[in-house]
Amino acid sequence: MSIIYNESKKTYTLLTAETAYQMKVSEYGYLLHLYYGRRVEDEDLSYLIQLQDRGFSPCPNELGNDRTFSLDFLPQEFSTDGNCDYRTGSIEVENGDGSRIFVGKVLKHKIYDGKYQIHGMPSLHAGENDTVQTLEIWLQDEVSRVTAVLCYSVFEEKNIITRTVRVENSGDHPVKLKGIMSVTLDFMDSGYDFIHFDGRHMMERELTRQPVAYGIQSIGSIRGSSSHQHNPFAILCESGAGEDWGGCYGFSLVYSGNFICSVEKDQFDQTRLNMGIHPKHFSFLLKPGDVFEAPEAVMAYSDRGLTHLSHLYHDAYRENLCRSPWASRIRPVVINSWEAAYFDFDDEKLLNIAREAADMGVDLFVLDDGWFGKRDDDCSSLGDWQEDTQKLKHGLKGLSDEIHRMGLQFGLWIEPEMVSEDSDLYRSHPDWCLHVPKRPVSRGRYQLVLDLSRKDVCDHIIQSINNILDNVQIEYIKWDMNRNITETWSAASEKERQGEIYHRYILGLYYIMDHTILTHPDILFCGCSGGGGRYDPAMLYYQPQIWCSDDTDAVCRLKIQYGTSFAYPISTLESHVSVCPNHQTMRTVPLATRGVVAMDGIFGFELDSTKLSKEEKDACRIQSETYKKYYPIIADGDYYRLTDPFQFTEYTAWQHVTKDRTESLFSLVLTEKEPNDAQRYIRLKGLDPKAWYEIGGLPGRFSGSLLMNAGLPVPGSLGQYSSVQYHIQMISGGKR
Ligand code: GLA
């Protein structure tokens with residue numbers, strides 16, 4: 001049993017194989033949080049709470065003269081608002097009488113087998129071999145009768161707890177929901193570090209780690225998408241925690257829109273984490289009987305460092321998130337036309353690129369931006385999804401047929417959420433973009449954002465996409481989104497619902513994806529938003545892989561891929577070999593190193609194959625073959641970060657290891673070469689200490705114990721930006 005309700009003690013205990021989580025209904029009906037961490041058995045942990053008379057901490061009225069039960073310091077499972085708790089809250093409601101108060105008390109609960117459902121939004125599902133149980137607890141405000149239903153699904157073997165909250169207006173008056181967190185987690189102590197992943201376009205998910213200080217620290221997005229700037233994933237860990245030791249809590253939001261994750265250290269050295277939809281510009285009208293469902297948060301706890309925490313997320317996100325059959329299929333090696341041709345191409349140029357690529361081990365040719373309307377640059381045509389027959393003389397179908405005749409598959413770029421002012425779509429429906437009446441609309445990359453809060457707009461997009469997918473032989477779609485939202489107002493919504501538009505945009509996006517991506521399970525979809533601007537679990541529910549960054553520089557990618565790997569499995573991360581000097585940084589890096597770095601992901605090419613020498617093409621073909629040979633180790637294995645590129649600048653190393661520890665791929669890139677430098681050694685991870693291994697390219701054999709404790713010398717012959725990749729094979733001794 002993963003969920004235990006103890007009637008006499010009024011405790012709810014959630015148990016996974018390695019973790020425990022406990023709450024208790026207090027004597028006044030408030031739901032207190034007692035514990036989350038390494039598994040302890042189903043004991044009552046309420047002894048941890050020491051009641052005290054705290055000056056300036058008011059107590060609820062029903063306590064009479066008892067001054068020791070203030071919600072200002074008690075750990076709450078879902079905070080009340082407007083009575084006694086002054087910390088960052090779980091909910092904010094404007095009631096029918098204008099008051100802003102919510103005092104939720106436990107009304108009832110329900111425990112059942114399987115996973116809860118969220119309507120219209122992605123969430124995890126139970127796999128065939130998972131034991132999943134769900135607990136729902138109703139917290140009701142007795143006066144307004146607004147009810148927050150807290151939902152928890154416990155993935156026992158995966159050591160994952162998912163959460164969501166359903167807010168129901170069971171009262172008689174309309175209310176406005178002004179803020180709702182998917183997860184609140186109170187800790188009765190402090191001393192944590194807050195780790196988050198920040199960045200910008202072309203430099204996403206750089207790791208930031210800072211001690212949690214008094215006050216409130218937060219990350220988030222108010223850009224209408226999960227964003228390049230902050231990822232909806234954060235870690236709270238013991239201050240000394242590293243890759244292999246220390247308690248670490250992960251929080252991941254399955255949502256692609258505005259979000260916030262805040263951490264607060266209070267006056268009594270306690271810590272509270274909140275994660276959910278960003279409250280800025282958010283409000284949701286709930287008429288009597290209406291229900292609002294918050295996005296899902298996925299929590300995990302590792303008692304042995306960050307690597308194990310990542311493995312918990314990787315396993316869950318590989319097996320319990322994506323609905324596409326492609327999640328478990330071997331992905332093709334693609335060549336993408338963007339950096340090869342940008343907007344400047346015709347059939348002949350594309351076919352030449354594809355023809356040469358066929359000899360480089362490529363399986364699929366992707367035609368990127370520029371194929372539709374009159375799109376010779378990024379100023380026009382978004383919304384007009386008909387091929388430009390000036391460029392494609394035989395249309396998309398003709399091109400696709402020709403590519404297939406070469407033995408390659410065909411992929412296409414689309415950006416369906418956008419419209420250009422210079423487009424037939426905009427000319428016929430100027431009201432279909434987000435805009436505020438009488439105000440000019442801000443442009444981003446010369447484009448405007450379609451109003452996905454409108455069903456007619458969504459249905460039009462569904463029809464345009466399906467028209468392409470059903471009439472052209474297409475095996476791959478790159479779904480892009482190239483600007484953030486502004487002027488968030490919808491011509492189709494009434495005044496009091498304008499605060500819903502950011503969220504309704506995201507619901508509209510999921511509705512479109514439900515009716516395009518999920519209805520075409522054999523097409524492989526790749527997510528993109530100027531690279532990794534929408535790298536979140538909700539996108540991975542639809543699209544098994546995401547173009548990780550518009551920065552294809554192999555050295556920059558070391559940091560980007562490192563940061564991405566904390567939450568997201570390598571099988572979700574698309575990474576391509578491009579030309580040098582690199583188009584983003586002008587840096588020159590050996591082709592071999594570009595290959596090694598691209599193999600730390602779903603491998604492909606982003607270059608003009610007709611401009612490569614024969615030697616380069618041969619090298620690329622060998623890279624494709626190597627990648628295909630090692631695909632199961634890379635995509636399905638466990639991932640080990642061997643160095644932190646933000647702290648240690650000489651080289652970056654990482655390792656993929658099969659789950660049975662019989663094979664591993666070790667990679668290292670030298671990032672800062674100094675003359676006459678120190679001999680460095682690197683210790684491997686994840687091997688069987690008792691087994692013997694052979695390392696491709698090195699003489700002799702090594703025990704797992706030796707490789708993990710004594711390590712390997714970093715070859716002194718490596719020059720700046722050169723790399724090594726070793727295939728490590730178990731030859732005897734281990735458990736297979
Ligand atoms: C975005 C993508 C690129 C490319 C361009 C096309 O920037 O991230 O890979 O597709 O759009 O306009």
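## Ligand site

A polar side-chain atom of tryptophan 413 is placed 3.0 Å from an oxygen atom of the ligand, a polar contact being a pair of N or O atoms within 3.5 Å. This is a predicted model, in which local features need pLDDT of at least 70 and side-chain atom pairs count only at pLDDT 80 or more, while totals for chains, interfaces and linings use all residues. Residues are numbered from 1 along each chain as its sequence is written, and side-chain values use heavy atoms, with hydrogens and water left out.

The side chain of lysine 478 has an N or O atom 2.7 Å from an oxygen atom of the ligand. Glycine 531 contributes through its backbone, an N or O atom of which lies 3.0 Å from a ligand oxygen atom. Of the 310 Å² of accessible area that the ligand has on its own, the protein covers 96% (Shrake-Rupley method, 1.4 Å probe). There are 13 residues around the ligand, and Asp368, Asp369, Arg445, Lys478 and Asp550 come nearest (a residue counts if one of its heavy atoms lies within 4 Å).

## Largest pocket

The largest pocket holds about 510 Å³ of space. Its lining comprises 22 residues, of which Glu243, Leu642, Thr643, Asp644 and Lys685 are the closest to its centre. A pocket is an open set of points on a 1 Å grid over the protein atoms alone, where a 1.4 Å probe fits, with protein on both sides within 12 Å along at least five of seven lines; lining residues have an atom within 4 Å of a point. The volume is the space filled by probe spheres set on the points.

Because domain 1 (3-43 + 67-320) and domain 3 (640-735) both give residues to the lining, the largest pocket lies between them; the domain bounds come from an automatic or database assignment. Strands β12 (203-211) and β34 (681-682) each supply at least two lining residues (strands are DSSP runs of E, at least two residues). By class, this lining has 12 nonpolar, three polar and seven charged residues.

## Second largest pocket

About 420 Å³ of space lies in the second largest pocket. Among its 27 lining residues, His201, Arg445, Asn482, Gly530 and Asp550 are the closest to the centre. The lining has seven nonpolar, 10 polar and 10 charged residues, with Asp, Glu, Lys and Arg counted as charged and Gly among the polar. Domain 1 and domain 2 (325-418 + 458-484 + 523-635) both contribute to the lining, so the second largest pocket lies between them.

Terms used. Helices (H or I, at least four residues) and strands (E, at least two) are DSSP runs, numbered from the N terminus. A polar contact is a pair of N or O atoms within 3.5 Å; within protein, one must be able to donate a hydrogen and the other to accept it, and residues adjacent in sequence count only if both atoms are side-chain atoms.
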